[in-house]
Structure formats: C-alpha cells, structure tokens
Amino acid sequence: MRLDKFLAESGIGTRKDVRTYIKDGMVKVNGKVIIKPAIDIEENRDIILYLDKVVKHIGKVYYMFHKPKGCITARRDESQKTVLDYFSKENMKGIFHVGRLDKDTEGLLLLTNDGEFEHGLMCPNKHVHKKYYFCALGSLDENDIKKLEEGVLIGKGKILTKPAKIKVEKIGTCEDFQEHMGIEKFSKKDLGLYRQPVVSGYLTISEGRKHQVKRMLKAVGCFVVYLKRVSIGNVFLDETLEKGEYRFLTDSEVQMLSMM
Ligand code: URA
C-alpha cells in the first residue's frame, strides 16, 4: 500500500495533509525518513512513525451522519460549529465529508477516509441521485413541476439544471407546517403571512450545484424554509439516528454507493 494512503487511512490527516507531512520529513519507515508519498509499504511488516510515534492502521471507514441545522459542512472552523464537532476524537481521525449541505439543511451526510469512494460519488459525470424533502413558501402548479423536471436556469449562467424528479406531498398554509416554519420567527399577528400558501415535497437531483434545491425552487417562485436530504443513491437516512448522531454504513450500503 502507498505510504500516503496508509497514513490517511490511519487517521493522521487527509491524503493532501499527509503528503505534506511526508515531504516535510515527519514520517519514518523502519527508522528512515521517507519523503516520497507514493512509496509502497507493507502495512503488516513495516514500522511507520509519524512524529516519532508508531502509526496504527485503522483501515477505511464510512459513516452516515444525521446533520442537524446550525453546523457547517467543514472539518474545522474558527467560529462556527462543524459537522466534525459531533464526532468523538477517536472516530473523527482522518475523515472528511462527502459533498456539502448548507448550514440550515438537515439530513443525510456521508463521511469517510476513503478518497476514491468520495471521488466516485462526487464525480459530476456519475449523476448520483440525491433526494431532498423541502418545505417552501409558495405554490407549485403543473407548469412549475414540468419546468423543474425539465430544467430551470439558476444563477447567472445559461446552463439549465439537469432533469429532476419532483413529488408534491402536501399543500397548505404556514399554519399547517409549523414544525418546519420556525413559526416563532413570524409575528403571529401578521395574518397575511400566516395564510401564505406553503408546499412540501421531494425533489431528486443528480447534480451538486451550490444551493441547488433552494435556487431551483426559487426559479419557480418558491422560497425554501426547510430542507432535509433523505437519500443518496439507494441509501436512505436511518431515521433511528437522532439529529447529530452517526453510525457506520453497513457493508451493503458501502457496496451500493461504491457501484454508483
Ligand atoms: N440544495 C440546497 O439548496 N442546499 C443544500 O444544502 C443541498 C442542496
């Protein structure tokens, strides 16, 4: 196995981090400083030291995390809570998030130390399906649904969004969606707003453009007030996970995601 892969899979840092550590002379193989990240080591025989401490190989790990709102999808941040803050020190070693969710989006986020797995899911020409539950101020008629399914313009570019699937679940007013409305933020006396139409449903997309779901719905006149990712490919958020909890992916989940 390559030295940089071994170190990344041992929780020392991301593949990029460990290459820097190796080039900076922080890594020894059988007592000798090695500065080439690509050299082959035998993980069961060679003794690898990082900053003169023996490195134990953890292997590849894959987590499903139920992201709550209010944390950012980053490894660390000076001032804001990140998704990694929910992981124990032991479990967070060397892992990184697969894609991103906005700070106010909840739901399924995958984390791993396996760069190939991440690349496979993020590669734009793989068109991995991601399904989101949304709740939005506004309404969707047949024409809007057709537009969302066929492609809308988001942002300044002239590139339409790729074909998407949409399923409207419920139509009502703010009152009917209080749990997703942060209703205390609205003045309850403001009956005009309270009677605003609200629509909820599922939007499945196969791209990962910035704020894509919010911008797609905005393109048809809807303002997203709640967003949750419920699935990636055939892997669904485990609803027994409370917000902020995580678990290992099962072997079959890893397999399904690796075959995408
Ligand atoms: N689309 C969005 O608008 N936000 C997310 O967090 C994910 C997809």
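1. The shell around the ligand has 4 nonpolar, 3 polar and 2 charged residues. Its members are Leu101, Asp102, Thr105, Tyr132, His211, Gln212, Val213, Lys214 and Leu227. Bear in mind that this is a predicted model.

2. Which helix gives the most to this shell? Helix α7 does. It spans residues 212–219 and supplies 3 residues.

3. Gln212 and Val213 use the backbone instead. For Gln212, a backbone N or O atom lies 3.4 Å from a ligand oxygen atom. For Val213, a backbone N or O atom lies 3.1 Å from a nitrogen atom of the ligand. The protein buries 95% of the 240 Å² that the ligand exposes when taken alone.

4. On the site itself: the ligand takes up the space of the largest pocket.

5. Now the sheet. It is open and has 4 strands, in the order β2-β1-β3-β4. The pairing is antiparallel. Strands β2 (32–33) and β4 (53–54) stand at the edges. Each has a single partner strand, so one side of each is left without a neighbour in the sheet.

6. Where does β4 find its partner? Strand β3, residues 48–50, pairs with β4 in the antiparallel sense over 2 bridges. Within this pair, Tyr50 stands opposite Lys53 of β4.

Methods. Residues numbered from 1 in each chain as written. Predicted model: local features only at pLDDT ≥ 70, side-chain atom pairs only at ≥ 80, totals over all residues. Heavy atoms only, no water. Pairing = 2+ DSSP bridges. Near = heavy atom within 4 Å. Polar contact = N/O pair within 3.5 Å; in protein donor to acceptor, adjacent residues only side chain to side chain. Areas by Shrake-Rupley, 256 points an atom, 1.4 Å probe, with all protein chains shown as cover. 1 Å grid on protein atoms, 1.4 Å probe; cavity = no way out; pocket = protein on both sides within 12 Å on 5 of 7 lines; lining within 4 Å. Sits in = over half its atoms within 2 Å of the grid points. Nonpolar A, V, L, I, M, F, W, Y, C, P; charged D, E, K, R; others polar.
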